[in-house]
Amino acid sequence: MRIVCLVKNNQPLGATIKRHEITGDITVARVIHGGLADRSGLLYAGDKLVEVNGVSVDGLEPEQVINILALSQGTIMFKLIPVSDRPVSNQTTLYVRAMADYWPLQDPAIPCADAGLPFKKGEILQIVDQNDALWWQARKLSDLSACAGLIPSNHLLKRKQREFWWSQPFQPHLCLKLQNYLLSRANQQSCYARCPSSCCSTFAAPYEEVVRYQRHPGDRNRLIVLVGPAGVGVNELRRRLIASNPREFQSAVPHTTRVQKSYEMNGREYHYVSKETFENMVYSHRMLEYGEYKGYMYGTSIDAVRTVLDEGKICVIDLEPHGIQIARTHELKPYIIFIKPSSISCMRQTRKNARIITDYYVNMKFKEEDLQEMEDSAKKMEAQFGQFFDQVIVNDNLQEASAQLLSAVHHAQDEPQWVPAVWICSDTQT
Ligand SMILES: Nc1ncnc2c1ncn2[C@@H]1O[C@H](COP(=O)(O)OP(=O)(O)OP(=O)(O)O)[C@@H](O)[C@H]1O
């Protein structure tokens with residue numbers, strides 16, 4: 001038997017308790033890393049509680065013991081039987097990117113909601129304890145000095161996603177996308193990204209292991225991918241970036257099956273290929289995205305991106321969000337920048353003289369519904385793909401957005417970044 005005294009001082013105890021399934025004893029279920037109990041070094045997972053502040057826990061429910069603990073101020077005295085085999089901590093710290101949001105206060109299954117760590121998709125988490133198959137302990141990268149919190153394990157979060165998915169009304173999944181090889185993404189016909197499992201990624205891993213990556217000056221540049229709703233200014237920003245220094249920045253030359261015009265040069269405006277060649281490229285997964293317009297195929301190939309990168313330049317392309325997963329490879333190491341519209345009231349001012357290309361009109365003024373559609377589409381993109389965005393630029397003032405883009409592109413090449421561990425650890429492409 002051991003007596004343990006902890007001074008609470010309005011902070012949580014930093015431990016959870018449970019009833020042992022076989023013996024019915026109240027035991028310490030887990031000690032939260034960095035919390036009061038952990039820092040004291042006096043409480044361990046598996047310790048059997050006998051008394052709390054002189055009250056026997058025999059026959060009490062865990063909730064009743066928690067109530068006693070919650071009401072205690074100042075010093076808490078535990079009488080306990082120490083666990084015979086203290087867990088040896090041989091865990092390696094792991095960093096992951098959250099691919100889903102998590103709100104502990106809305107999760108009835110969490111052992112202690114107050115000990116939960118809420119997070120949003122895209123946030124980097126430091127996993128400090130995976131001893132429990134269902135509940136891991138983690139900190140946010142943005143607050144590593146804080147005490148850890150409980151998060152659902154990979155397995156558990158996946159199960160939750162699956163349950164949530166089944167509880168939703170059926171919605172047919174369309175992998176149809178708009179495109180911009182010709183005039184505009186807004187006037188496109190059918191266009192497709194290769195549809196990997198990610199496109200139907202309802203059950204994709206909820207956490208992605210990441211590592212810190214610093215590109216060496218001799219390495220290839222990272223591919224820069226711009227994503228945004230039609231009309232937001234992706235093309236304008238890309239054009240301005242390339243025009244600012246064409247020796248440094250370049251776009252990938254698309255492929256097409258349409259006939260070359262007299263003033264065009266093969267490999268400059270497009271790579272002109274036969275339908276058969278184009279289809280072969282699609283089937284051999286060499287297209288990042290492709291589409292059909294007026295009976296001809298258009299697409300951006302991985303080879304075209306590689307050509308730019310091999311010249312030592314920074315390749316800047318725009319992709320529909322469904323194409324992000326295809327571009328996310330060990331070879332291309334894409335840095336994804338989301339171009340976000342500013343508020344509708346701001347756009348009414350800034351887009352007064354701007355022109356949009358629609359299904360029927362080229363160079364048409366933005367109407368109120370175009371701005372609304374842009375805002376709605378941006379929200380959907382963020383909700384579905386926000387976890388992949390390395391940077392978000394609000395395109396309000398064009399000059400400022402261009403300057404931010406330039407700085408983001410250099411940041412991507414020169415500063416250390418969190419990237420998927422498989423890009424670095426594996427020799428194979430992912
Ligand atoms: N910040 C801005 N302020 C004012 N006008 C802008 C701004 N950003 C873009 N524009 C203008 O808005 C129009 C649409 O931009 P852009 O063609 O780049 O859109 P997009 O995102 O590429 O969409 P799409 O592929 O449908 O054309 C263009 O006339 C462009 O000059």
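**Working chat: helices, salt bridges and a pocket**

Modeller: Start with Glu276, which sits in helix H5. This is a predicted model: local features need pLDDT of at least 70, side-chain atom pairs count only at pLDDT 80 or more, and totals for chains, interfaces and linings use all residues. Residues are numbered from 1 along each chain as its sequence is written, and side-chain values use heavy atoms, with hydrogens and water left out.

Colleague: Is Glu276 buried or exposed?

Modeller: Glu276 is exposed, with a relative accessible area of 59%. The cut-offs: buried is under 20% relative accessible area, exposed is over 50%, and partly exposed is in between, with a 1.4 Å probe and protein chains only.

Colleague: How far apart are Glu276 and Thr257 in space?

Modeller: Their C-alpha atoms are 9.0 Å apart, and the two are 19 residues apart in sequence.

Colleague: Zoom out. How many helices and strands does the protein chain have?

Modeller: Eleven helices and 24 strands. Both are DSSP runs numbered from the N terminus: helices are H or I with at least four residues, strands are E with at least two.

Colleague: And what share of the residues is buried?

Modeller: Buried residues are 45% of the 430 in the protein chain. The chain exposes about 22,200 Å², and carbon and sulfur atoms supply 52% of that. Those areas come from the Shrake-Rupley method with a 1.4 Å probe; for residues, only the protein chains shown count as cover.

Colleague: What share of the contacts comes from residues 24 or more positions apart?

Modeller: 66%, among contacts in the protein chain with a separation of 6 or more. Contact means heavy atoms within 4.5 Å.

Colleague: Which residues does UniProt list for the PDZ domain?

Modeller: The UniProt record, an unreviewed entry, lists residues 3–84 for "domain: PDZ". Positions are in the numbering used here, feature names are shortened, and annotations may be inferred rather than shown by experiment. Over residues 3–84 the chain is 18% helix and 37% strand. The end C-alpha atoms of that stretch are 16 Å apart.

Colleague: Salt bridges next. How many in the whole structure?

Modeller: The search finds 22. A salt bridge here is a side-chain nitrogen of Lys or Arg within 4 Å of a carboxyl oxygen of Asp or Glu.

Colleague: What does Arg328 pair with?

Modeller: Glu208, with the closest N and O atoms 2.8 Å apart. The pair links distant parts of the chain, 120 residues apart. Arg328 is in the loop between helix H7 (324–327) and strand S20 (335–341), while Glu208 is in strand S12 (residues 207–213).

Colleague: Are those two buried or exposed?

Modeller: Arg328 is buried at 10% relative accessible area. Glu208 is buried too, at 16%.

Colleague: And what about Arg286 and Asp303, how far apart are the closest N and O atoms?

Modeller: 3.0 Å, in a salt bridge. Arg286 lies in the loop between helix H5 (275–283) and strand S17 (287–293) and Asp303 lies in helix H6 (residues 302–310), so the pair ties together parts 17 residues apart in sequence. Arg286 is partly exposed at 34%, and Asp303 is partly exposed at 26%. Salt bridges with shared partners join Arg220, Arg286, Asp303, Arg306, Asp310 and Glu331 into one network.

Colleague: Arg286 again: which residues does Ser301 touch?

Modeller: Arg286 is one of them, along with His255, Met281, Met287 and Leu288, not counting residues up to four places away in sequence. Ser301 is in strand S18 (residues 296–301). Ser301 counts as buried, at 0% relative accessibility.

Colleague: Where is Gln413?

Modeller: In helix H10 (residues 398–414). Gln413 is buried, with a relative accessible area of 2%. Leaving aside neighbours within four places in sequence, Gln413 contacts Arg215, Asn221, Arg222, Ile224 and Ile314.

Colleague: Pockets, then. What is the volume of the second largest pocket?

Modeller: About 1,100 Å³. On a 1 Å grid over the protein atoms alone, a pocket is an open set of points where a 1.4 Å probe fits, with protein on both sides within 12 Å along at least five of seven lines; lining residues have an atom within 4 Å of a point. Points are joined across faces, edges and corners, and the volume is the space filled by probe spheres set on them.
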